[in-house]
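Here's a quick briefing to read alongside the model. Have the viewer open and follow along topic by topic.

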Amino acid sequence: MKNKFHMIQSLSLSVLILMLLIPAGAQARKYSPIELEDQAQAQWHINYASYLIDIGKYFEALEQYDTAVDYSPVAKTRVNAMFGKAMVLSTFLDAPEKAADLYRMVGRNYPDYADTALYRLGFLYYQMDRYDRANSVFRQYLRFFPTGKFKYQAEAVISSMRAKEKQKPEVKPDEKPEVKPDEKIPAKVGKEPTLRVCLSRKVKSMTVTTGSGKDKICTDELGCGRKYKVGMSGKRLTLDGKVVSATRIKFKSSGVLKVSYGSETKKVRGIIDVSIRKGKLLILNLVEIEDYLRSVVPAESYASWPAETLKAQAVAARTYAYYQKKHRTHLFYDVYADTYDQMYGGVAREDKRTDKAVKQTRGQVMLYKKKPILSQYTANSGGFTADAKAIFGAGKAYLVAHKDPASLKGKMASWTKKYSRKDIEAKLKKIGISVPGIRSIKALEKGPSGRIVKVRIKYKSGYRDLRTRTTLGSSRVLKLPDILLKIDKKGDYYTFKGRGWGHGVGYSQWGAAELGKTKKYDHILKFYYPGSSIKQLW
């Protein structure tokens, strides 16, 4: 990120603390106070990206990594952010070739990290089972870096690939090789998936009873009863105050279960699964996906909305949950039970109208090139959906900018926020960005929808270029509902007049509410996810 500024202050204690965020190898160069601020911002965004990955917000994580690259004056930090972005692209967004491009970019632009980038590129191809490409890259690595830090790993992978090639069955000329099945999606209608819904991982005790008070609760090995309390004694589980040998306990009932933890109480279908993870209880609800949707759809949409809108929301929510299940196999859960993923209130949120929508679309999932889409949705697009690449730094063919006039008829379509110059300066200072004496805030970069991706803030000592969403927008500084906006200045006040609510990418919930009055649910879905198709998987 480029900034023009004059040195106006000496290093303070806070700036010296910020120096701790500079990697040891980069501290030989002297950094200005603003560069130290920028480095602190960059590290914050990298840390926040890790958190977003954990809660399934992969596109938003990319946005944080890009912000870190913009901010950091330190090459190592920028490279770490690009490596993080590459990991998200390949692991969670089904975009390994885009990840490969990032590794090549690091290799070209950052010679000190070329060996790591080249090794990661080869390992990426290895994970994709593209052994010819992987072998070529690893041999290139050994040629360019004969004493590199990944020398032995590269040799080991080459040896592993050679062994796998020898194990391949010989194919006779008149035989067709066996086609490897698509691991992402079943070829035909199959069994309904069970979701691991994370209710909590922050408490140390919970109670479980039956929803009706009549049905019994049973565990696999610890008997049956009507009420249980689970706690912790060091690293071991306790049941009704007694330490048990089991590392996890599953509670089952013929009816619904009522589970209480912290300040939360939910009645849920399925099984409650409790274990210890990182010093707290990991409380999961193992529930079939269609029962999960009975709670999610009325939480994400108003049950009074048109029936076709509710069906569209059901398919979008089902697709989102299924996508996360396929991409979180390394975690102990598939989705969170709150807005981190989708709101899940249990049986109490179920409604007859949304139950019907779920039932009528049973097993239907949105696909693009035979894989489930990451069905992003936003409250209101403000009349123009956003392009995922412009907003998040990586796109999908089904998440592009296009006009959405129906959204303008719904609620949350427009808004206005007003701040004084001093208020903006104070709010930015609070997160570590110093811009004393702001003179103007203007759009620097816009996406295809007209959303302001970056702004330039001119102040008395120079200017700062900031990403709108990750710095000014969202809930961080000015709490701007969207970045489809105009910025007006009058005296010492700035007025932000905007349209839309959310990131604007994909399905607009209020737009769908209007479209559902005259259009079928499949039309709504294909409008918001162009190029995708609906397929029944179970």
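Predicted model: local features only at pLDDT ≥ 70, side-chain atom pairs only at ≥ 80, totals over all residues.

Residues are numbered from 1 along each chain as its sequence is written, and side-chain values use heavy atoms, leaving out hydrogens and water.

**Helix packing: α2 and α4**

- Helix α2 covers residues 33–54 and helix α4 residues 75–91; their axes come within 11 Å and cross at roughly 15°.
- Those axes are lines fitted to C-alpha atoms, for helices over the stretch in contact, with angles running from 0 to 180 degrees between N-to-C directions.
- Helices (H or I, at least four residues) and strands (E, at least two) are DSSP runs, numbered from the N terminus.
- The crossing of α2 past α4 is left-handed, meaning the near helix is turned anticlockwise from the far one by less than a right angle (clockwise would be right-handed).
- On the α2 side the contact (heavy atoms within 4.5 Å) is made by Gln 39, Ala 42, Gln 43, Ile 46 and Ile 53, and on the α4 side by Thr 77, Ala 81, Met 87 and Val 88.
- Sorted by class, that contact has six nonpolar, three polar and no charged residues; Ala, Val, Leu, Ile, Met, Phe, Trp, Tyr, Cys and Pro count as nonpolar, Asp, Glu, Lys and Arg as charged, and the others, Gly among them, as polar.

**Aromatic pairs**

- Rings of Phe, Tyr and Trp (its six-membered ring) pair if their centres lie within 6.5 Å; planes under 30 degrees apart are stacked, over 60 edge-to-face and the rest tilted.
- That rule gives a count of 25 aromatic pairs.
- One of them is Tyr 48 with Tyr 51, a stacked pair at 5.7 Å centre to centre with 20° between the planes.
- Tyr 48 and Tyr 51 sit three residues apart in helix α2, so about one helical turn separates them.
- Tyr 48 is partly exposed at 30% relative accessibility, and Tyr 51 is partly exposed at 32%; buried means under 20% relative accessible area, exposed over 50%, and partly exposed in between (1.4 Å probe, protein chains only).
- Tyr 119 and Tyr 141 make an edge-to-face pair, because their ring centres are 6.3 Å apart and their planes are at 65°.
- Tyr 119 is in helix α6 (residues 114–127) and Tyr 141 in helix α7 (residues 131–144), so this pair ties together parts 22 residues apart in sequence.
- Tyr 119 and Tyr 141 are both buried.
- Ring pairs also link up a cluster of Tyr 119, Phe 123, Tyr 126, Tyr 131, Phe 138, Tyr 141, Phe 145 and Phe 150.

**Strand β22**

- Lys 497 is in strand β22 (residues 493–499) and is partly exposed at 47% relative accessibility.
- Leaving out residues up to four places away in sequence, Lys 497 touches Trp 415, Thr 416, Leu 484, Leu 485, Lys 486 and Asp 488.
- Thr 495 is also part of strand β22, and Thr 495 is buried at 16% relative accessibility.

**Positive phi**

- Met 412 isn't a glycine, yet its phi is near 65°; Met 412 sits in the loop between α12 (388–392) and β17 (414–420).
- Lys 479, another non-glycine, has a positive phi of about 55° and is exposed, with a relative accessible area of 53%.
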